[in-house]
Amino acid sequence: MTDFHLNELDRRTFLATSATLIASTNMLHADAPPLAPPDKQPAHLQVPEVPSKTIGFAIVGLGQLALEQVLPAFAKCKVARPVALVSGHPDKAKKVAAAYGIDPRNLYNYQTYDKLADNREVDAIYIILPNSMHAEYTIRGFKAGKHVLCEKPMAISVAECTEMIAASKAANRKLMIAYRLRYEPFNMLAIDLCHQGELGKIKSITASHCQDVQAPNIRLSKALGGGPVGDVGIYCINAFRYLSGEEPVDVTATEYQPQDDTRFREVPESVAFTLRFPSGLLGCGDCSFGTAESRCFRVQGGNGILDMESAFGYRGQRLLLHKNGRLSEYQLAPVDHFAAEMDAFSESILTNQIPKTPGEEGLADIRIIEAIEESIRTGRISAVRH
Ligand code: NDP
């Protein structure tokens, strides 16, 4: 007879192991009754519904924005999903496709792009290319019969924007410009507060969007449509328009292009501009590629002031109201801007509605940018041609 005894720790281990063995033996036994699941799910548990229809996106251009923001955001989308990629770098595209479960047969390059027409999984195309390529790839996308979500700035001229809108109409497909802030709650609340008169008559809006851009970067290339106004100044321009609900009459602008910084051989470092609106409102904006980050606006009305910190950032928005000698901060649940924007575009396709930021919205900003460029060239006030 084998004699052994267990110290307390060994005894507990032995008993636990025996219990596990007995339990697994029971599980293997065909006659053992299965463990019954609870009758009801806990009331707080949200069981997701399967959407009846989703929108499949082809992502065009696998650069910084696509890889770091847009593709990860699909995980938070309800009705948008990535189904195809377009890239000039097949190895990168293959890796990205594997990471996001995209069928490797749905990989395209800029030469095979038009073959998207034959891919029924693709409903919409998201253009995330250098600005000078937005018009061409949007128009080719419509010719392939797809809906198009195009990054800002819509294009590099009013003429290109007009062609893109015409191509959308000819194809009977939707065009949306990716103004993500129009789909995020802090900027949406700021719009409501301004439009509902919380500040009284709005007299001025100041806005700043600056960052330190290092070479090489598409933003520093004139040929690729770079420069601070189209890249970051456009956020200030769009904010003046969405906060006021007005279109500007004219513009004055000035720029600085340092001679001793090789980054700024082709584009200015900084641009400052003032937009005058029919109500008398002045919108003062500045943008730069040579400073620390600044992404804020201040709306000054007769009865109060609204400040937004990180107004144009991907996250970190803070909305503050100064009124009647008090300072209050609005508390809202933040969202992923890109998920909100892609779902909104998908919903507009699924319900056949005009998107909140259609091509005309992008065109309105490019008209102002052309007036800014003219004012810088001539040194005079430039009318905005609506
Ligand atoms: P990147 O330079 O990081 O990416 C651009 C991608 O375009 C490249 O990676 C490349 O993809 C493709 N490409 C095709 N042809 C060229 C070319 N001739 N030169 C360079 N790239 C080319 O730029 P971003 O991702 O930062 O910006 C892309 C667009 O997104 C711009 O329009 C920008 O304004 C917009 N943007 C919008 C933001 C927002 O918050 N809404 C924020 C940042 C950018 P591949 O290698 O796969 O071919």
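Pro-153 is located in the loop that runs between β5 (147-150) and α5 (158-171), and in this predicted model the peptide bond that joins Lys-152 to Pro-153 is cis, with an omega of about -10°. A cis peptide bond is also found between Ala-215 and Pro-216, where omega is about -5°; Pro-216 belongs to the loop between β7 (202-212) and α7, and α7, which spans 228-244, is one of the helices that supply at least two residues to the shell around the ligand. Ser-310 lies in the loop between β12 (304-309) and β13 (318-323). These features stand out because most residues other than glycine have a negative phi and most peptide bonds are trans.

The ligand was examined next. The space that the ligand takes up is the largest pocket, and there are 27 residues around the ligand, of which Ser-87, Lys-92, Tyr-110, Asn-131 and Arg-180 come nearest. When the shell around the ligand is sorted by class, 13 of its residues are nonpolar, eight are polar and six are charged. Both domain 1 (55-180) and domain 2 (185-334 + 359-383) contribute to this shell, with at least three residues drawn from each. With regard to secondary structure, α2 (64-73) and α7 (228-244) each provide at least two residues of the shell.

At Gln-64, a backbone N or O atom is placed 2.8 Å from an oxygen atom of the ligand, and for Leu-65 the separation between a polar backbone atom and an oxygen atom of the ligand is 2.9 Å. A backbone N or O atom of Gly-88 likewise lies 2.8 Å from an oxygen atom of the ligand. On its own the ligand has 900 Å² of accessible area, and the protein covers 82% of this area.

How values were computed:
Residues are numbered from 1 along each chain as its sequence is written. This is a predicted model: local features need pLDDT of at least 70, side-chain atom pairs count only at pLDDT 80 or more; totals for chains, interfaces and linings use all residues. Side-chain values use heavy atoms; hydrogens and water are left out. A residue is near a molecule or strand if one of its heavy atoms lies within 4 Å of it. A polar contact is a pair of N or O atoms within 3.5 Å; within protein, one must be able to donate a hydrogen and the other to accept it, and residues adjacent in sequence count only if both atoms are side-chain atoms. Accessible areas come from the Shrake-Rupley method with a 1.4 Å probe; for residues, only the protein chains shown count as cover. On a 1 Å grid over the protein atoms alone, a cavity is a set of points where a 1.4 Å probe fits but cannot get out, and a pocket is an open set with protein on both sides within 12 Å along at least five of seven lines; lining residues have an atom within 4 Å of a point. A molecule sits in a cavity or pocket if more than half of its atoms lie within 2 Å of its grid points. Helices (H or I, at least four residues) and strands (E, at least two) are DSSP runs, numbered from the N terminus. Ala, Val, Leu, Ile, Met, Phe, Trp, Tyr, Cys and Pro count as nonpolar, Asp, Glu, Lys and Arg as charged, and the others, Gly among them, as polar. Domain bounds come from an automatic or database domain assignment.
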